[in-house]
Amino acid sequence: MTKEFKGKLFVFSAPSGSGKTTIVRHLLKQERFGLEFSISATSRDPRSNEVDGEDYYFISAKDFKQKIKNEEFLEWEEVYMNNFYGTLKTEIERIWALGKHVIFDIDVRGGLRIKEKFPEETLAVFVKPPDINELLRRLKSRGEESEEKIASRIAKAPIELATAPMFDKIIKNYDLKVALQEAEDLVDEFLGLDKASQKE
């Protein structure tokens with residue numbers, strides 16, 4: 001009987017606008033890493049361009065609460081009243097069953113909870129923006145959210161930035177090209193691919 005594959009977990013957390021999603025998408029394209037994106041579950045309604053099972057697993061608040069009760073989540077959070085987000089344990093099992101490593105684009109609290117539950121298997125990376133003003137500029141340039149939503153994200157940023165020392169590594173995303181290379185190097189090192197290439 002073959003031994004069940006237990007892969008690594010790569011957590012990327014940051015305030016909104018720091019560039020973590022861009023970094024995660026870049027890493028997913030690097031086939032040598034064998035990464036698969038962890039799809040979160042949420043109780044909020046899907047947006048017009050979102051697909052169930054691709055962007056999120058959309059479930060009702062009632063079902064979400066039942067799954068919390070059944071301890072089906074690796075981590076979860078109630079962001080607003082009855083607006084839940086979380087990572088199902090079955091999602092990690094799904095990815096490991098594919099023989100792949102898991103990569104998360106997740107909020108800081110969720111990221112630290114995953115590190116706490118899988119301390120040896122997890123590399124937790126915090127993506128740091130140059131400063132709050134740059135964060136504000138990036139969020140506004142997206143043109144996707146109201147001024148009120150942007151203000152709430154900016155208000156949350158100092159609290160999130162304060163958690164940076166609790167992560168294994170910090171990537172300062174001042175220059176995207178440099179940050180992408182740094183992210184690749186961290187994954188290479190954690191998977192031991194840098195040592196493997198040195199032996200060849």
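The paragraphs below go through the domains of this predicted model, the interface between them and a set of salt bridges. Local features are described only where pLDDT is at least 70, and side-chain atom pairs count only at pLDDT 80 or more, whereas totals for chains, interfaces and linings use all residues. Residues are numbered from 1 along each chain as its sequence is written, and side-chain values use heavy atoms, with hydrogens and water left out.

The chain is divided into domain 1 (7–34 + 101–189) and domain 2 (37–99), with bounds that come from an automatic or database domain assignment. Taken over C-alpha atoms, the centres of domain 1 and domain 2 are separated by 19 Å. To the contact, meaning heavy atoms within 4.5 Å, domain 1 brings 20 residues and domain 2 brings 12 residues.

Between them, domain 1 and domain 2 bury about 1400 Å², 59% of it on carbon and sulfur atoms; buried area here is the accessible area (1.4 Å probe) that two parts lose on being put together, summed over both. On the side of domain 1, V102, R113 and F118 lose the most area to domain 2, together 27% of what that side buries. Across this interface of domain 1 and domain 2 there is 1 salt bridge, a term that stands for a side-chain nitrogen of Lys or Arg within 4 Å of a carboxyl oxygen of Asp or Glu.

By this rule the count comes to 13 salt bridges. In one of them, K6 pairs with E121, their closest N and O atoms being 3.1 Å apart; this pair links distant parts of the chain, with K6 in the segment before β1 (9–13) and E121 in the loop between α4 and β8 (122–128), 115 residues apart. Helices (H or I, at least four residues) and strands (E, at least two) are DSSP runs, numbered from the N terminus. E121 is buried, at a relative accessible area of 17%, where buried means under 20%, exposed over 50% and partly exposed in between (1.4 Å probe, protein chains only).

Another salt bridge joins E184 to R32, with the closest N and O atoms 2.9 Å apart, and this pair too links distant parts of the chain, since E184 lies in helix α7 (residues 176–191) and R32 in the loop between α1 and β2, 152 residues apart. E184 counts as buried at 11% relative accessibility, while R32 is partly exposed at 46%.
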